[in-house]
Amino acid sequence: MGAWRRPCRRRAPVAQSAEAGDLNSLESGFESQREHLDDPLVNPLPIRGDRRYLRGMKVLSTSWIVGIAVGLVYMLGIGLSGR
Amino acid sequence: MIGVRLRQHSLSIFFAVLFVLALIGQSVAGLISFNEDQLAHGAAAVTWIDFVTSSEFVVDVAENWQSEYLQFFLFIFATIWLVQAGSPESKEVGHEGIGSDEQQKVGRYAEPESPSWAKATGWRQTVYSNSLLITMGAIFLLSWLAQGIAGQTVFNAEQAEHGQDLLTLGEYLLSADFWNRTLQNWQSEFLAVGSMVALSIVLRQRGSAESKPVGTPHHEGAVSAE
């Protein structure tokens, strides 16, 4: 099915802090965001073109194709065997 | 990092797990149903291994596979040329067709990170440009063939049991049994796809990639609402 594509949005503690008009919290917002960006669990998306990232996607797609191919060969084999 | 990797592929992994569980469930339920029928006819019950390696099991699996892949084959193909205003499943009205090389980022318009066959010219670019449709179509045809072959075995076993004539594969592919199995699956797939296209114009699911954002006007489709 068609996928709805939306621009990537990230929560912005900076903007929230700016609304409060507090420069200190603005600065801490930057720091907080920087920390989150360094945390792979919060920001797990690797850099575009990362070889390991691309390899993971290729392995996944290949696994699906191989699995489906095995299923088709199995079904055709059983059918042709006349069991 | 394993958790991160799993999260990146959670959608496909989720469906792979569901598929395996459903297939196991089908094999167990199918075995019970088959053995009830065997006992009712005074025949011996079979084991799970015997059942999952029989045409009885294969024909039921294959007839569902072919209809699902036909659904996606047709959906991918139809959405090249046909549109539905307001549906996130469709391109915008006026954008029908295969698009220019520049829009599709192929050949000299390919980006540095584009797949190598998208950068290529000639047959490799043509094949890659249609690779999703080709793959879905091939899986559909092969699973439909598997349904036909396994279905013939099952049908002929029943015919023999009742002392009736056996059918060749060609005769079976023209039989009411084959087309009943085929069309009962197709109708439900076409209904599901059509309703998804139509209902997604006015209905929303917050957070789903298959829906427009909740506040998007009904008349906006996938492209204009981005």
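Helices, like strands, are taken here as DSSP runs numbered from the N terminus, a helix being a run of H or I of at least four residues and a strand a run of E of at least two. The structure is a predicted model, in which local features need pLDDT of at least 70 and side-chain atom pairs count only at pLDDT 80 or more, while totals for chains, interfaces and linings use all residues. Residues are numbered from 1 along each chain as its sequence is written, chains are lettered from A and ligands numbered from 1 in the order in which they are written, and side-chain values use heavy atoms, with hydrogens and water left out.

Chain A contains 3 helices and 0 strands, and its pattern along the sequence is α-α-α. Of its 83 residues, 17% are buried; a residue is called buried under 20% relative accessible area, exposed over 50%, and partly exposed in between, with a 1.4 Å probe and protein chains only.

The average for chain A is 67, and 41% of the residues score at least 70. Helix α1 of chain A (residues 13–20) has the lowest confidence in the chain, at a mean of 42, whereas helix α3 of chain A (residues 51–81) has the highest, at 94. Over residues 5–23 of chain A, pLDDT stays under 50, and the model has 19 contacts beyond four places in sequence for this stretch; a contact means heavy atoms within 4.5 Å.

Over all chains, the structure holds 4 salt bridges, each defined as a side-chain nitrogen of Lys or Arg within 4 Å of a carboxyl oxygen of Asp or Glu. One of them joins the side chains of E63(B) and R181(B), at 2.7 Å from N to O. Because E63(B) lies in helix α4 of chain B (residues 55–81) and R181(B) in helix α10 of chain B (residues 176–202), this pair ties together parts that are 118 residues apart in sequence. E63(B) and R181(B) are both buried, the relative accessible area of R181(B) being 16%. R181(B) also meets D177(B) in a salt bridge, at 3.6 Å from N to O. D177(B) and R181(B) are 4 residues apart in helix α10 of chain B, about one turn of the helix. An α-helix has 3.6 residues a turn, so residues three or four places apart point the same way. D177(B), with a relative accessible area of 27%, is partly exposed. A network of salt bridges links D60(B), E63(B), D177(B) and R181(B).

Helix α10(B) itself has 27 residues and reaches 39 Å from its first C-alpha to its last, close to the 39 Å expected at 1.5 Å a residue; the expected span is 1.5 Å times one less than the number of residues. The buried residues of α10(B) include F178(B), R181(B), W186(B), E189(B) and I201(B). Among the elements that cover the buried residues of α10(B) are α4, α8 (131–161) and α9 (169–173) of chain B.

A further salt bridge is formed by the side chains of K105(B) and E111(B), at 3.4 Å from N to O. K105(B) is located in the loop between α5 (101–104) and α6 (116–119) of chain B, and its phi is near 55°, a positive value in a residue other than glycine. K105(B) is partly exposed at 39% relative accessibility, and E111(B) is partly exposed with a relative accessible area of 31%.

Helices α2 (10–40) and α3 (48–52) of chain B are the elements that give two or more residues to the nonpolar patch, and α2(B) supplies the largest share, 5 residues. I24(B), found in helix α2 of chain B, is partly exposed at 44% relative accessibility. In the loop between α2 and α3 of chain B lies A45(B), which is partly exposed at 48% relative accessibility. A45(B) and I32(B) are 13 residues apart in sequence and 9.2 Å apart in space, C-alpha to C-alpha.

Definitions and conventions: pLDDT = per-residue confidence, 0-100.
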